[in-house]
Amino acid sequence: MTKDAQGHELTNATSEAAGHLDQAARAFTLAYGDVMADLDNAAKAAPQAPMVALIKAWVQALSNDPAMVEAARAALPAIQQLTMNEREQAHASALAEAVASRWASAVAILDRHLMHYPHDLMAHQCAMRLDGFQGRFHLAAGRSARALPLWSKDQPGYGILLSFLGFGLEEAGDYAKAEDISRQAALLEPHGYWPHHAVSHVLEMTGRPSEGLQWMNERQALWAGKANSNRVHIWWHKSLFHVELGQYDQALKLYDDEILPTLRPVGTSLCNPTALLWRLEALGCPAGDRWRHVADLWQERANGRTSMFNDIHAAITAVRAGEDARFETLLHAMRATAAANGPFAANYRDVGIPIAEAMASFHRRDYTDAVERLMPVRFELWRMGGSKAQRDLIEWTLTEAAVRAGNRDAALALAHERLAARPQSTVNRHFLAEAEAIAA
């Protein structure tokens with residue numbers, strides 16, 4: 001039977017289709033290449049090969065965008081009618097859980113599957129991304145670490161799996177090891193999104209913005225081209241290094257010249273401009289009409305049910321754009337999700353709604369209310385999903401709210417906490433100076 005590059009049998013696939021599937025899997029796990037074009041070519045060569053439809057549905061489901069998740073859900077019945085081997089059936093079972101928003105169950109299926117199929121790069125990627133939706137990217141470290149001893153370093157995809165280990169270690173807080181491994185992976189896969197991304201995170205979380213810009217600039221030709229399907233997020237990371245250095249104009253220029261032109265029309269991509277503009281405005285750098293443009297892009301990309309992470313960013317955008325009715329509609333949907341007996345009810349109730357309401361209070365200059373709503377939530381931020389660097393937007397806002405509320409004790413405590421982690425940060429020094437200026 002025809003096999004893929006990692007040795008897995010592919011039901012109903014021709015050798016031509018297998019080649020296209022290898023390219024698609026590589027493009028998807030690297031975030032470099034045209035996944036859908038490769039899948040279209042594979043489908044032409046082998047229309048009954050289930051892995052073609054499975055990868056396409058995974059791409060849609062992992063966008064975490066309401067319309068695309070629905071497309072994956074709609075495709076599932078036809079996929080389930082195809083003849084599948086054990087590996088393909090495991091993917092179909094996990095996919096069914098994922099499109100039903102049972103992310104933890106989907107990961108459980110993939111995790112057990114990977115104990116028997118440790119070379120399944122697609123399963124590694126899908127499990128890591130689904131864990132990311134749940135604020136637990138760090139679990140990728142364990143899955144990758146147990147699989148790598150069973151791989152040959154010469155095997156196709158070894159550097160990709162190594163990069164998953166690096167990013168998982170970064171999210172687990174093992175920054176030195178994460179940096180070393182991710183730099184190794186970047187040498188093996190120079191165009192890979194994940195190794196470059198992991199090193200960027202390490203440099204951000206350890207407060208080394210000048211090194212961060214050097215890392216970005218030295219490798220820009222490798223990540224900034226159209227083939228990198230998630231380059232908008234790398235531009236976002238580069239802009240954060242400028243922000244940490246107090247170079248707000250440069251960050252805003254990257255927003256206009258690079259982030260906006262590379263946006264994809266999905267929620268996970270739109271979170272980047274929202275998070276950057278919020279930071280810059282909090283630092284006194286007006287965004288002007290940019291908020292209204294981003295708010296228009298967010299239409300139909302957040303529904304209060306599919307992704308709390310995306311919904312929070314959409315809510316932030318609505319309040320900043322002056323779209324009060326849109327904010328209230330989204331908040332109403334989030335409350336309905338919290339009241340329902342679904343898998344996300346507790347997270348929306350305990351985390352999503354308090355954050356959305358707190359950010360609205362901050363916008364209305366009710367800083368005391370923002371502090372009171374955010375202070376209990378800060379220990380549960382992982383539940384909103386995303387990475388540590390992305391969730392820092394909320395900690396950032398809490399610190400600024402405490403300063404503006406004149407809450408000296410809280411402002412000093414939060415500023416010192418931030419500065420201890422990132423002493424080179426101009427922003428954190430700014431927080432401390434403002435906190436110290438509050439009358440005792």
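## Helices H18 and H19

In this predicted model, H18 crosses H19 in a left-handed manner. Helix H18 covers residues 324–339, and helix H19 covers residues 345–363. Two packed helices are described by the angle between their axes and by the distance between those axes. For H18 and H19 the angle is about 155°. Their axes lie 8 Å apart. Angles over 145 degrees count as roughly antiparallel, so H18 and H19 are roughly antiparallel to each other.

Which residues of H18 and H19 make the contact? From H18 come Phe327, Leu331, Met334, Arg335, Thr337 and Ala338. From H19 come Ala345, Tyr348, Arg349, Gly352, Ile353, Ala356, Glu357 and Ala360. Sorted by class, the residues of this contact are nine nonpolar, two polar and three charged.

## Helices H20 and H21

Helix H20 spans residues 367–374, and helix H21 spans residues 388–404. The two pack at an angle of about 140°. Their axes are 8 Å apart. Angles over 145 degrees would count as roughly antiparallel, and 65 to 115 as roughly perpendicular. The angle here is about 140°, so H20 and H21 are oblique to each other. Their crossing is left-handed.

On the H20 side, the contact uses Tyr367, Ala370, Val371 and Leu374. On the H21 side, it uses Ile394, Thr397, Leu398, Ala401, Ala402 and Arg404. The classes are eight nonpolar, one polar and one charged.

## The loop between H3 and H4

Now to a loop. Ser63 sits between helix H3 (50–61) and helix H4 (66–80). Is Ser63 buried or exposed? Its relative accessible area is 8%. Buried means under 20%, so Ser63 is buried. A polar atom of the Ser63 side chain lies 2.6 Å from the backbone oxygen of Gln60. Leaving aside neighbours within four places in sequence, Ser63 is in contact with Met68, Arg129 and Thr268.

Asn64 is found in this loop between H3 and H4 too. Its relative accessibility is 4%, so Asn64 counts as buried. Its backbone deserves a look. Phi of Asn64 is near 55°, a positive value in a residue other than glycine.

## The segment before H1

Two residues are picked out here. Gln6 lies in the segment before H1. With a relative accessible area of 16%, Gln6 is buried. A polar atom of its side chain lies 2.8 Å from the backbone oxygen of Pro156. What does Gln6 touch, not counting residues up to four places away in sequence? The list is His119, Leu121, Trp151, Gln155, Pro156 and Gly157.

Asn12 is found in the segment before helix H1 (15–30). Asn12 is not a glycine, yet its phi is positive, at about 60°. Its relative accessible area is 44%. Buried means under 20% and exposed means over 50%, so Asn12 is partly exposed.

Notes:
Residues numbered from 1 in each chain as written. Predicted model: local features only at pLDDT ≥ 70, side-chain atom pairs only at ≥ 80, totals over all residues. Heavy atoms only, no water. Axes fitted to C-alpha atoms, helices over the stretch in contact; angles between N-to-C directions. Helix = DSSP H or I, 4+ residues; strand = E, 2+ residues; numbered from the N terminus. Parallel < 35°, antiparallel > 145°, perpendicular 65-115°, else oblique. Left-handed = near helix turned anticlockwise from the far one by under 90°. Contact = heavy atoms within 4.5 Å. Nonpolar A, V, L, I, M, F, W, Y, C, P; charged D, E, K, R; others polar. Buried < 20%, exposed > 50% of the residue type's maximum accessible area, 1.4 Å probe, protein only. Polar contact = N/O pair within 3.5 Å; in protein donor to acceptor, adjacent residues only side chain to side chain.
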